[in-house]
Amino acid sequence: MILNVDGIEFSYPSKNVLKNIKFSVNRGEVVSILGINGAGKSTLLKCINRILKPQKGTVFIDEFDLKKLNSKKIAQKMAYVPQNIAGNNFMTVFDTVLLGRKPYIEWDATEKDLEITGNILKLMQLEKYALRNVFELSGGELQKVIIARALVQEPRVLLLDEPANNLDLKNQLEVMKLIGNISKTQNISAIMVIHDLNLALRFSDKFIMLKDEKIFSEGDSEIINSQNIKEVFNVKAYVDKYNDIPIVVLA
Amino acid sequence: MKNITDKNLTEQYIKLNQKKVLIGGLLLILLCLFSLLSLSIGGYKLTLAEIYQTLIGRSSSSADLIIWNIRLPRIFAALIAGISLSVSGAVMQCTLRNPLASPYTIGISHGAMFGAALAIILFGIGGAESTGKIFISSPYLVTVFAFLGSLIAVSVILLLAKIKSFAPEAIVLAGVAMSSLFTAGTMLMQYFANDLQLAAMVYWTFGDLGRPNWPEVGLMSIVMLLSIAYFIYQRWEYNALESGEESAKSLGVNTEKTRLLGMLVASILVSINVSFLGIIGFVGLICPHLVRILIGGDYRYLIPISALMGALLLLISDTVARIIISPLVLPVGILTSFMGAPIFLYLLIKRYR
């Protein structure tokens, strides 16, 4: 076990969002968080890496209580790819990815920082874009650049808020495959918020369904069934299999 | 567009950065050349030999007077104001998350204008020479009031940001409201002022680099050096802020503190300049954008190169302002606004087409 979410509770001034959220994630595991809009999925991700401070509960990584670590130390253990990805338009892709070394940089980027950045750019096949400005990239390319920036942080856990959002089918598959590969080859755990149940089913090891501020169901692909989909999303659907991969078909 | 396929990715990146340093070096050389040019030209022309003799302390009294008492403080004021306005513009654009932000966005100049007008009407300190030229008889009092006025504007905005947790966008709008309020206050005073006071108030707002002497230049340069050192120290934080609030936080940046302190330091830097010089528009808005197009938006290079670009632009503007209708000297603020608006329109068309 690498990550342990221990009883997180969060509310905005006029609305309770999360109540007693508890779950754990193993090394190299990909976890999908599912639920309707407003169920608190993104809030949960932000509470996990303390962009938002939960009113109760905490998160442990490798037995370290994140509440007791400063934001720099947290950034060395956990990286985050936000829903609305943005880069500094007038910065090169190399500079943007190098920014992932920010939690390690004391005065300026060292040779080691440049080397790690170069390696990740190559790993993600982004080297041909490396010296282009961010504004020259397409949405899919930018998404990859932001994921590369997260990897340069050398995190134990990667948090992704709707990583396939705004991407065409080909790019959705590419980005999701990339996340799957990274988690297995680099032994990084990934927690992602995702709307597309089929993408989630194909690329995740574990699922967490949120409803009414709480975890409604948690487990492997078995929990994505007609009954749970009806309960959580209020839509009729059935689950079939294609090449051994479960697929959700809306009724 | 550059494609890189070979293994020397980091080397190519380092080379790209070396080009930026080279551009900085070129700007520095240009700055030195224009400073010399600016020393030599004017109503009384000086040769390079005369300038050299004066600078090493072996010159005629008239050249000595012109260089040490008039032109050098003026050139230093141009360099300091150019650096201060340009770099605070770059920082404001980052901390306020708005490409239209400039040192004056949060009401600093209007606060200073209000303060200066208040001093002029309260203490009656404006006058006219026999030639008809307007002067301010007690410039220190006006400067202090202008500084206090701009500090009021800054304090209100920063308190709203801190206590009410205003988003950067809201801060810009609050700045517009403060500017409007200060303008109304100034207009009210102008309505009740006599002719001389009214003329002194209007005259004060024209940004003019001829006002400060060595002590003021010294004070401005100390504040500038401390502020620039702080901004350079924060350069990685500003790079992270440009990637968005949540990304910056996830990279370990305390975004609220970085924004607030950035705005505070930039505001004080601008307040000092406005109080001593009056309003010099567009330098703070345009220079950072020019530099972004030239070398990109990495604050490690954007801050020093914006500084050089700001100094160069203001020095050239002031030199032109001194000779364009010689022997009369045009306040540089008028010229920067005249030149700045078309350049800014050009940049907008280039960036947003």
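1. How many cavities of 30 Å³ or more does the count come to? In this predicted model, the count comes to one cavity of that size, and the volume of the largest cavity is about 100 Å³.

2. For a reader who wishes to find the largest cavity in the structure, its lining is made up of Phe282(B), Val283(B), Ile286(B), Leu313(B), Ser317(B), Thr336(B), Met339(B), Gly340(B) and Ile343(B). The elements that each supply two or more residues to this lining are α12 (283–295), α13 (299–323) and α14 (332–352) of chain B, and of the elements it is α14(B) that gives the most, with four residues.

3. Sorted by class, the residues lining the largest cavity are six nonpolar and three polar, with no charged residues.

4. A separate point concerns two packed helices of chain B. Helix α4 (residues 108–123) of chain B packs with helix α7 (residues 195–205) of chain B at an angle of about 150 degrees, and their axes lie 10 Å apart. Because angles over 145 degrees count as roughly antiparallel, α4(B) and α7(B) are therefore roughly antiparallel to each other. The crossing in which α4(B) passes α7(B) is right-handed.

5. On the side of α4(B), the contact involves Ala112(B), Met113(B), Ala116(B), Ala117(B), Ile120(B) and Ile121(B), and these meet Gln197(B), Ala200(B), Met201(B), Trp204(B) and Thr205(B) in α7(B). The residues of this contact of α4(B) with α7(B) divide into nine nonpolar and two polar, with no charged residues.

Conventions:
Residues are numbered from 1 along each chain as its sequence is written. Chains are lettered from A and ligands numbered from 1 in the order in which they are written. This is a predicted model: local features need pLDDT of at least 70, side-chain atom pairs count only at pLDDT 80 or more; totals for chains, interfaces and linings use all residues. Side-chain values use heavy atoms; hydrogens and water are left out. Axes are lines fitted to C-alpha atoms, for helices over the stretch in contact, and angles run from 0 to 180 degrees between N-to-C directions. Angles under 35 degrees count as roughly parallel, over 145 as roughly antiparallel, 65 to 115 as roughly perpendicular and the rest as oblique. A crossing is left-handed if the near helix is turned anticlockwise from the far one by less than a right angle, and right-handed if clockwise. Contact means heavy atoms within 4.5 Å. Ala, Val, Leu, Ile, Met, Phe, Trp, Tyr, Cys and Pro count as nonpolar, Asp, Glu, Lys and Arg as charged, and the others, Gly among them, as polar. On a 1 Å grid over the protein atoms alone, a cavity is a set of points where a 1.4 Å probe fits but cannot get out, and a pocket is an open set with protein on both sides within 12 Å along at least five of seven lines; lining residues have an atom within 4 Å of a point. Grid points are joined across faces, edges and corners, and a volume is the space filled by probe spheres set on the points.
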